[in-house]
Amino acid sequence: LPGDRFRDINWKVSGRLSELITRISPITQERTTILPVAFRNVRSSAAAVADGREAVAHLDVLKSWLLAFLRTVKQEHPEMQFRLSTAEDSRLLESAEDIERFAAELAGLFYQRESTGGFAEPAQSTGQLFVFSTPFDRGLGRYLSAQGAGSICLFRTRAPGADGNGA
């Protein structure tokens with residue numbers, strides 16, 4: 001059933017029946033919650049030359065916020081999983097090990113041009129969407145208005161010169 005945990009599958013019985021069977025009753029089973037997370041590492045190509053080092057600094061701060069968020073939520077709620085979308089792809093992070101593997105990949109991510117697909121959709125179960133972005137994301141407003149989430153939690157670095165700090 002949707003929400004069944006992968007580790008609860010009885011592989012011996014499932015192999016004989018050609019159907020996935022879980023070891024525990026669906027009535028007593030704890031439900032896994034999948035939180036959709038969008039890491040918007042996008043910016044317009046026109047901004048690429050003008051923004052330079054400051055844009056890199058904003059993206060690095062955003063990467064650290066994303067990892068802190070994923071690690072903290074996973075530590076406090078081990079049953080949580082994340083549907084993480086970037087400008088390049090979308091993936092399911094089910095375990096702390098998945099988060100650490102993604103952290104190694106995250107270090108190499110840079111800004112991309114926004115594509116038509118990609119980013120996370122709100123989860124039916126939670127109605128929430130967690131978005132991480134920078135002030136160089138010119139399509140953020142359009143993206144947020146297209147979401148049907150009950151609530152959107154936006155993590156965004158501050159625009160250059162907004163408070164004198166830039167982040």
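How many helices and how many strands does the protein chain have? In this predicted model, the count is four helices and five strands.

View 1. The protein chain has 167 residues, of which 39% are buried. Its exposed surface comes to about 9600 Å², with 53% of that area supplied by carbon and sulfur atoms. Of the contacts between residues at least 6 apart in sequence, 64% are between residues at least 24 apart.

**View 2. Strand E2, residues 80-85.** E2 has six residues, and five of them are buried, leaving the strand mostly covered. E2 pairs with E1 and is also joined to E3.

**View 3. Pairing of strands E1 and E2.** Strand E1 spans residues 33-39 and pairs with E2 in the parallel sense. Six bridges make up this pairing. Pro-36 is placed opposite Arg-83 of E2.

**View 4. Pairing of strands E2 and E3.** Strand E3 covers residues 90-93 and runs antiparallel to E2. The two strands are connected by four bridges. Ser-85 lies opposite Ser-90, a residue of E3.

**View 5. The hairpin of E2 and E3.** Four residues separate E2 from E3 in this hairpin. On the E2 side, the strand comprises residues 80-85; on the E3 side, the strand comprises residues 90-93.

Terms used:
Residues are numbered from 1 along each chain as its sequence is written. This is a predicted model: local features need pLDDT of at least 70, side-chain atom pairs count only at pLDDT 80 or more; totals for chains, interfaces and linings use all residues. Side-chain values use heavy atoms; hydrogens and water are left out. Buried means under 20% relative accessible area, exposed over 50%, partly exposed in between (1.4 Å probe, protein chains only). Contact means heavy atoms within 4.5 Å. Accessible areas come from the Shrake-Rupley method with a 1.4 Å probe; for residues, only the protein chains shown count as cover. Two strands pair if DSSP finds at least two bridges between them.
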